Amino acid sequence: MNEDIRLMKGNEAIAHAAVRYGVDGYFGYPITPQSEVLETLEALMPWETTGMVVLQAESEISSINMVYGGAATGKAVMTSSSSPGVSLMQEGISYLAASELPALIVNVMRGGPGLGTIHPSQSDYFQATKGGGHGDYHLIVLAPSSVQEMADFVGLGFDLAFKYRTPAMILADGVVGQMMEKVVLPEQRQRRTAEEIRTQCPWALTGKTADRKRNVVTSLELDSAIMEKNNERFQRTYKEIEANEVRYQGYHLDDAEYLIVAFGSMARICLKAVEEARKAGVKIGLLRPITLWPFPYEAICKASENAKGILVAELNAGQMIEDVRLAVHDNVPVEHFGRMGGIVPNPAEVLGAFTDKFGVKFNDQTN
Amino acid sequence: MKEEIIIAGFGGQGVLSMGKILAYAALMNDMEVTWMPSYGPEQRGGTANVTVIISDEEISSPIVDTYDTAVILNQQSLDKFESHIKPGGTLIYDPYGIHRSPARTDINIVKVNAMDASIELGNAKGYNMILLGALLKLKPVVSLDDVLRGLKKALPERHHHLIPANEQAILKGMSLL
């Protein structure tokens with residue numbers, strides 16, 4: 001057995017990956033189904049090895065504002081929570097975006113609205129991809145569908161956040177957070193030195209020196225003309241991200257007569273449905289957006305060119321379906337299949353939806 | 001090879017741990033594995049279950065609707081999962097606390113008196129390992145050696161002295177069939 005392969009929960013993988021990436025600080029407040037992130041960090045005690053700060057704040061509002069403070073100094077800082085906690089953070093996230101601060105926010109979604117349930121859901125898609133807080137902004141949103149991706153997207157999220165000076169979000173759900181799978185953790189990296197931060201983040205609050213002007217990190221700008229210029233700059237960054245950072249994975253797209261679009265844990269369930277459908281002689285393909293923002297509009301449009309229909313499967317009432325409809329411009333019928341409130345469907349239910357929505361019959365529909 | 005297993009019973013019976021040890025054993029054997037628990041307040045005295053999928057190929061969905069094997073430890077779980085076992089599949093159950101016996105005729109039903117055996121062993125906590133032994137005897141998806149290596153990996157070092165007692169319980173479970 002390869003000794004580097006471990007077995008762990010997605011939440012644990014986030015914590016391990018954070019330490020190994022050389023994250024400077026984690027600030028969080030426990031909430032099911034993501035409490036293992038903080039628990040694992042406390043068990044790993046990275047403050048004794050890498051010097052990473054791990055702090056349980058008194059609330060999610062505190063956590064996100066601690067993230068804001070850390071990010072303003074150029075440090076790699078993060079928080080994690082689940083749906084109701086992430087709602088509390090929205091003001092701080094909007095401020096992070098407006099102050100052009102890199103940070104990583106992990107949302108392991110549970111069923112809402114309100115306090116809802118503690119079981120898996122994907123009903124924060126709108127909140128994550130369309131801004132969430134007030135103002136014209138976007139987060140880079142990564143949707144992991146395996147424990148390996150939970151680990152990998154910590155590094156990817158920070159790399160993108162620092163590259164574009166914008167907060168990034170890992171939008172996971174209770175299934176990916178709670179399940180155990182094999183994972184290979186990234187190499188241990190050193191945290192950046194103060195000198196490296198000064199060079200790589202000239203905007204950061206690292207202490208004014210004689211050779212530069214004072215740095216100011218703020219989201220407040222009372223001069224509307226300047227605020228509009230700021231917004232134009234944000235929008236240019238978003239355009240650049242849209243042009244360069246779209247990520248998705250396709251399965252059996254080449255000969256697909258029907259297409260499923262699904263993300264996160266739902267994509268795993270749908271992949272099994274695709275395998276079963278193909279055994280029964282129905283050629284279904286699956287497109288899994290990995291970045292939910294920027295969204296793979298073009299890839300979906302292209303993949304659906306010869307499709308008779310698209311099923312958008314989500315653990316919600318129909319959110320990503322709006323983006324899929326924008327992608328295909330009414331050229332292909334688009335239908336939704338979803339479960340809500342924390343209920344996770346099985347692959348047979350996905351196939352059942354194909355029969356209901358498109359009249360597709362499967363030869364061996366004994367399940 | 002692909003084995004889709006559900007283990008279901010009361011919280012506290014070692015359902016999740018049994019699945020975890022099975023998963024670690026599969027890891028030791030270089031196989032693909034997913035371990036998906038039911039989680040939430042229902043674990044405190046209510047029902048708990050875990051789906052473990054072991055395969056020599058990449059596993060798509062960690063959630064399935066039918067199982068090759070079910071290990072059932074209480075009535076609620078029998079009522080819930082008996083109909084979800086694939087035809088020709090295996091149902092292992094402990095009759096302790098089960099008042100309605102399984103009725104399917106198209107599956108292999110195996111009764112394991114694990115509660116009695118654990119009392120006989122004087123190791124009540126070994127209950128789930130007895131059932132694991134029975135499972136391994138019927139479905140050798142992983143070897144005893146893999147399980148023991150998996151236990152070493154799964155347990156923190158301070159608990160490694162418990163491994164011989166667990167091994168004894170697994171062997172006891174194997175001997176019941």
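Predicted model: local features only at pLDDT ≥ 70, side-chain atom pairs only at ≥ 80, totals over all residues.

Student: How many helices and strands does chain B have?

Tutor: Helices (H or I, at least four residues) and strands (E, at least two) are DSSP runs, numbered from the N terminus. Chain B has six helices and six strands, and from the N terminus on they follow the order β-α-β-β-β-α-β-β-α-α-α-α.

Student: Which strands form the open sheet of chain A, and in what order?

Tutor: Two strands pair if DSSP finds at least two bridges between them. In chain A, seven strands in the order β3-β2-β4-β5-β7-β6-β12 form an open sheet with mixed pairing. The edges are β3 (53–56) and β12 (291–293) of chain A, each with a single partner strand, so one side of each is left without a neighbour in the sheet. Within the sheet, β6 (residues 140–142) and β7 (residues 167–173) of chain A pair in the parallel sense over three bridges; A:V141 stands opposite A:M169 in β7(A).

Student: At what angle do helices α1 and α2 of chain A pack?

Tutor: Axes are lines fitted to C-alpha atoms, for helices over the stretch in contact, and angles run from 0 to 180 degrees between N-to-C directions. Helix α1 (residues 10–21) and helix α2 (residues 36–44) of chain A pack at about 45°, with their axes 8 Å apart. Residues making the contact include A:I14 and A:V19 of α1(A) and A:V37 and A:L41 of α2(A).

Student: Where does chain B touch chain A?

Tutor: Two residues are in contact if their C-beta atoms, placed from the backbone, lie within 7 Å. By that criterion, 20 residues of chain B are in contact with 22 residues of chain A. On the side of chain B that touches chain A, the elements giving two or more residues are α1 (15–28) and β2 (32–37) of chain B; β2(B) gives the most, with six residues. Moreover, β2(B) pairs with strand β8 (residues 180–184) of chain A in the antiparallel sense over two bridges, and B:W35 in β2(B) is the bridge partner of A:M180.

Definitions and conventions
Residues numbered from 1 in each chain as written. Chains lettered and ligands numbered in written order.
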